[in-house]
Amino acid sequence: MTATAPAAEATVRKSPPGAARGPRRRTGRIRRIGLPYLLLLPALLLELLVHLVPMVIGIVMSFKELTQFYIRDWGTAPWAGFDNYSVSVDFDAPVGKALLHSFLVTVAFTVLSVGLCWLIGTAAAVFMQDTFRGRGLLRALFLVPYALPVYAAVITWVFMFQHDNGLVNHVLHDQLGLTDKPSFWLIGDNSFVALLTVSVWKGWPFAFLIVMAGLQNIPRELYEAAALDGSGMVQQLRRITLPSLRPVNQVLVLVLFLWTFNDFNTPYVLFGKSAPEAADLISVHIYQASFVTWNFGTGSAMSVLLLLFLLVVTGVYLALTSRGRRTAQ
């Protein structure tokens, strides 16, 4: 008995002082790691409720023969299978032909709008890099279209595009004499030009803001060295500015593409429920197919097809840009 007691005491003394606190430290580390995810949990749940749940319901509705007769209890609508999708992609039938026309109009509108927004925003951001009097005020004025609420801005353009007393016709016809007679901007072929004008006016300040932030990360020493080597402004733009802005532009173009292709507020406020054929964007077309003709099954199928198209384009774009980035590195 007396021999084992000193041995036990020696064993206790040899044990590290923090051995008893090991499980507590491990538990505290787990709590610290899990705390950020716990704080993000309410936002994730709200995202599921706001986005994912309606998306799943819309996909289910696309497989149903859902018309105005089943609005009260849409769960009792009969299953249609892929009939709604077949009708939507049958480009020889009136429904499919109208959807194809709307898709082509949306593609042309998106390409022009994104291109012009990026071009004007980049030019303005590069111009604003030089120091001059009133630069801060001019920056604030450039951001006014982006800061205004969509409805207030577009309704203002509606009044400006009026045929008889609108500001656009007053300037183009009465003041400058560029047209033979006042033009109709909200109907006919000119509606596409009006929609494009409003979209570019509303979207280019966002491109200006993002590009201007990206330009702050380019060292000024590069421009000074290029100027000493005899490079002009165009060469500096080609060899320094644009290559340095490539990561920013990749994200900017993708965001502008998704925003513009899905834009519903601008054409709806500008033209109302029935957009002209020349400005029949796919977002308004799906709205008409769902809430005007009361064929929610076909409208849901069109929405799912639009979602698949955007997912494919986004995936291909990200794959190409990531491959180009790895090649450049």
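**Figure 1. Helix α12 in the predicted model.** Helix α12 covers residues 246–261, 16 residues in total. From its first C-alpha to its last the helix reaches 22 Å, close to the 22 Å expected at 1.5 Å a residue. The buried residues of α12 are N249, Q250, L252, L254, L256, F257, T260 and F261.

**Figure 2. Surroundings of L143.** L143 sits in the loop between α5 (135–142) and α6 (144–147). Its relative accessibility is 25%, so L143 counts as partly exposed. Leaving aside residues up to four places away in sequence, L143 touches P205, F208 and L209. K202 is 59 residues from L143 along the chain, and the C-alpha atoms of the two are separated by 9.4 Å.

**Figure 3. The largest pocket and its lining.** This pocket holds about 730 Å³ of space. Of the 20 residues that line the largest pocket, P54, M55, S303, V304 and L306 lie nearest its centre. At least two lining residues come from each of α2 (22–61), α14 (282–292) and α15 (296–328), and α15 gives the most, with eight. The lining comprises 12 nonpolar and eight polar residues, with no charged ones.

**Figure 4. The second largest pocket and its lining.** About 430 Å³ of space lies in the second largest pocket. It is lined by 18 residues, and V126, F127, M233, L237 and T241 are the closest to its centre. The elements giving two or more residues to this lining are α4 (94–127), α10 (220–228) and α11 (233–244). By class, the lining of the second largest pocket has 12 nonpolar, four polar and two charged residues.

Conventions: Residues are numbered from 1 along each chain as its sequence is written. This is a predicted model: local features need pLDDT of at least 70, side-chain atom pairs count only at pLDDT 80 or more; totals for chains, interfaces and linings use all residues. Side-chain values use heavy atoms; hydrogens and water are left out. Helices (H or I, at least four residues) and strands (E, at least two) are DSSP runs, numbered from the N terminus. Buried means under 20% relative accessible area, exposed over 50%, partly exposed in between (1.4 Å probe, protein chains only). Contact means heavy atoms within 4.5 Å. The expected span of a helix is 1.5 Å times one less than its number of residues. On a 1 Å grid over the protein atoms alone, a cavity is a set of points where a 1.4 Å probe fits but cannot get out, and a pocket is an open set with protein on both sides within 12 Å along at least five of seven lines; lining residues have an atom within 4 Å of a point. Grid points are joined across faces, edges and corners, and a volume is the space filled by probe spheres set on the points. Ala, Val, Leu, Ile, Met, Phe, Trp, Tyr, Cys and Pro count as nonpolar, Asp, Glu, Lys and Arg as charged, and the others, Gly among them, as polar.
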